[in-house]
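Please look over the sequence and the structure shown next, and then read the points grouped by topic below.

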Amino acid sequence: MSLALVPSPDARVQQAWSVLHGVPDPEVPAISLCDLGIVRDVREDAGGGLEIVLTPTYSGCPATEVIEADVLAALQAAGLGPARVTLQRAPAWTTDWISAAGREKLRAYGIAPPGPVAADAARPLVFLPRRKPEPGLACPRCASTRTERLAAFGSTPCKALWRCLACHEPFEHFKPI
């Protein structure tokens, strides 16, 4: 009779992290949920299962259920189940959580990655008059800073639609929030 080797809890958590680094964001499949900063923690729960802590990019994100299902399916396929997802909405997700590798993947995919969030940007919601976007957003295709914003929202509310005036290609910009 052979005994199956059961990985230690630490090894299982590390294996889960490795698997989750391969789970793409459903809206931007060029970047993993880990590189996007959505996966906040992986830990063993009291019942011996895995608990995956996710923070959606915003509270009304329509992809949240798809992300949960993709995470659980990937862990199950890797033989790491049972697992459950916990949504943690505080602190709120910020574009500062996108990894350096994730920012480069966004650029290569044709989306201008966000810059850092200004330290004084954390404040209650205040309605302000429209202002022109900061100049110099670099085109992810040709790197020209001769660009213009076409629309405040792109394919998702967290992105804006821009156009490069040098290469004439449209691109999306992941808004810093």
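The second largest cavity has a volume of about 30 Å³; a cavity is a set of points, on a 1 Å grid over the protein atoms alone, where a 1.4 Å probe fits but cannot get out. Grid points are joined across faces, edges and corners, and the volume is the space filled by probe spheres set on the points. The model is predicted, so local features need pLDDT of at least 70 and side-chain atom pairs count only at pLDDT 80 or more, whereas totals for chains, interfaces and linings use all residues. Residues are numbered from 1 along each chain as its sequence is written, and side-chain values use heavy atoms, with hydrogens and water left out.

**Cavities**

- The second largest cavity is lined by Ile38, Leu54, Pro56, Thr64, Ile67 and Leu87, where a lining residue has an atom within 4 Å of a point.
- That lining divides into five nonpolar residues, one polar and no charged; Ala, Val, Leu, Ile, Met, Phe, Trp, Tyr, Cys and Pro count as nonpolar, Asp, Glu, Lys and Arg as charged, and the others, Gly among them, as polar.
- Two cavities of 30 Å³ or more are found when the whole structure is searched.
- The largest cavity has a volume of about 60 Å³, and its lining holds six nonpolar, two polar and three charged residues.
- Among the residues lining the largest cavity are Asp25, Glu27, Leu36, Cys158, Lys159 and Phe174.

**Overall architecture**

- The chain has four helices and seven strands; helices (H or I, at least four residues) and strands (E, at least two) are DSSP runs, numbered from the N terminus.
- Along the sequence these elements follow the pattern α-α-β-β-α-β-α-β-β-β-β.
- Of the 177 residues in the chain, 36% are buried, where buried means under 20% relative accessible area, exposed over 50% and partly exposed in between (1.4 Å probe, protein chains only).
- Among contacts (heavy atoms within 4.5 Å) between residues at least 6 apart in sequence, 50% join residues at least 24 apart.

**Nonpolar cores**

- The largest nonpolar core has 29 residues, of which Leu20, Val39, Val42, Ile52, Leu54, Val71 and Phe174 touch the most other members; such a core is a set of buried Ala, Val, Leu, Ile, Met, Phe, Trp, Tyr and Cys residues joined through side-chain atoms within 4.5 Å.
- At least two residues of this core come from each of α1 (9–20), α2, β1 (39–44), β2 (50–54) and α3 (64–77).
- Helix α3 gives the largest share, four residues.
- Leaving aside neighbours within four places in sequence, Phe174 is in contact with residues including Leu36, Trp93, Leu106, Ile111 and Cys158.
- A second, separate core of seven residues includes Ala112, Leu137, Cys139 and Ala160.

**Helix α4**

- In helix α4 (residues 100–109) the buried residues are Gly102, Arg103 and Leu106.
- Seen down the axis of α4, these buried residues fall within an arc of 100 degrees, so they line one face of the helix; the arc is that of the directions from the helix axis to the C-beta atoms.
- The buried residues of α4 pack against α2 (33–36), β4 (111–112) and β7 (170–174).
- Exposed residues Ala100 and Ala108 lie on the face of α4 turned away from its buried side.

**Loops and backbone features**

- Asp45 lies in the loop between β1 and β2, and its C-alpha is 8.8 Å from that of Ala83, although the two residues are 38 apart in sequence.
- Not counting residues up to four places away in sequence, Asp45 touches Leu50, Glu51 and Arg84.
- Gly81 and Pro82 are joined by a cis peptide bond, with omega about 0 degrees; Pro82 sits in the loop between α3 and β3 (83–87).
- The peptide bond from Ala90 to Pro91 is also cis, with omega near 0 degrees, and Pro91 is in the loop between β3 and α4.
- Ala143, in the loop between β4 and β5 (147–151), has a positive phi near 70 degrees and counts as exposed at 52% relative accessibility.
- His168, in the loop between β6 (159–164) and β7, has a positive phi of about 65 degrees although it is not a glycine, and is exposed with a relative accessible area of 58%.

Notes. 1 Å grid on protein atoms, 1.4 Å probe; cavity = no way out; pocket = protein on both sides within 12 Å on 5 of 7 lines; lining within 4 Å.
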